[in-house]
Amino acid sequence: MSTRRQFMMTLVPAAAALSAVTGARAQAAKIDEKDPAAVALAYKHDATKVDAKANPTYKAGNNCANCQFYQGKDAWGACPMVGGKLVNGKGWCKVWAKKA
């Protein structure tokens, strides 16, 4: 019969291993420009490649990094507008809104 101490010594490492595995899966993926959400929002990884005629709301200097929806501090950050996938800080889409 196992003792409580043996049980705890088995449980803690198992829980830590499970947490590491689920944490790795939880990392968001970078969005592809061909993703349906990206297409619907005219998302581009590089804002300088946005067709300004097709997207009249685009203005030079607007990019994901200075958008209120961008949730990142690195080159790539999550965006709720595309389901939490990672967008490029230098990117742009139609729902860009100035960061407050």
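Asp-35 counts as buried, at 15% relative accessibility (buried means under 20% relative accessible area, exposed over 50%, and partly exposed in between, with a 1.4 Å probe and protein chains only). This is a predicted model, in which local features need pLDDT of at least 70 and side-chain atom pairs count only at pLDDT 80 or more, while totals for chains, interfaces and linings use all residues. Residues are numbered from 1 along each chain as its sequence is written, and side-chain values use heavy atoms, with hydrogens and water left out.

**Overall layout**

- The protein chain has 2 helices and 2 strands, where helices (H or I, at least four residues) and strands (E, at least two) are DSSP runs numbered from the N terminus.
- Read from the N terminus, the order of elements is α-α-β-β.
- The protein chain has 100 residues, and 26% of them count as buried.
- The accessible surface of the protein chain is about 7,200 Å², with 60% of it belonging to carbon and sulfur atoms (Shrake-Rupley method with a 1.4 Å probe; for residues, only the protein chains shown count as cover).
- Taking contacts (heavy atoms within 4.5 Å) between residues at least 6 apart in sequence, 60% join residues at least 24 apart.

**The salt bridge and the loop around it**

- The structure holds 1 salt bridge, meaning a side-chain nitrogen of Lys or Arg within 4 Å of a carboxyl oxygen of Asp or Glu.
- Its partners are the side chains of Asp-35 and Lys-85, at 2.6 Å from N to O.
- Asp-35 sits in the loop between α1 and α2 and Lys-85 in the loop between β1 and β2, so this pair ties together parts that are 50 residues apart in sequence.
- Lys-85 is partly exposed, its relative accessible area being 30%.
- Lys-34 is also found in the loop between α1 (4-26) and α2 (36-40), and this lysine is exposed at 71% relative accessibility.
- Between the C-alpha atoms of Lys-34 and Lys-44 there are 9.6 Å, with the two residues 10 apart along the chain.

**The aromatic pair**

- Searching the whole structure turns up 1 aromatic pair (rings of Phe, Tyr and Trp, the last by its six-membered ring, with centres within 6.5 Å; planes under 30 degrees apart are stacked, over 60 edge-to-face and the rest tilted).
- Tyr-58 and Trp-92 make up this pair in an edge-to-face arrangement, 5.3 Å centre to centre with 85° between the planes.
- Since Tyr-58 is in the loop between α2 and β1 (76-78) and Trp-92 in the segment after β2 (86-88), the pair ties together parts that are 34 residues apart in sequence.
- Both Tyr-58 and Trp-92 are buried.

**The nonpolar core**

- The largest nonpolar core has 10 residues, among them Ile-31, Ala-38, Tyr-43, Cys-64, Cys-79 and Cys-93 (a set of buried Ala, Val, Leu, Ile, Met, Phe, Trp, Tyr and Cys residues joined through side-chain atoms within 4.5 Å).
- Apart from neighbours within four places in sequence, Ala-38 is in contact with Ile-31, Asp-32, Glu-33 and Tyr-43.

**The cysteines**

- The count is 0 disulfides, a disulfide being a pair of cysteine sulfur atoms within 2.5 Å.
- For Cys-64, the closest cysteine sulfur is that of Cys-93, 6.0 Å away and so too far for a bond.
- Cys-67 is likewise in no disulfide, with its nearest cysteine sulfur, in Cys-79, at 6.2 Å.
- Cys-64 is buried at 9% relative accessibility, and Cys-67 is buried with a relative accessible area of 7%.
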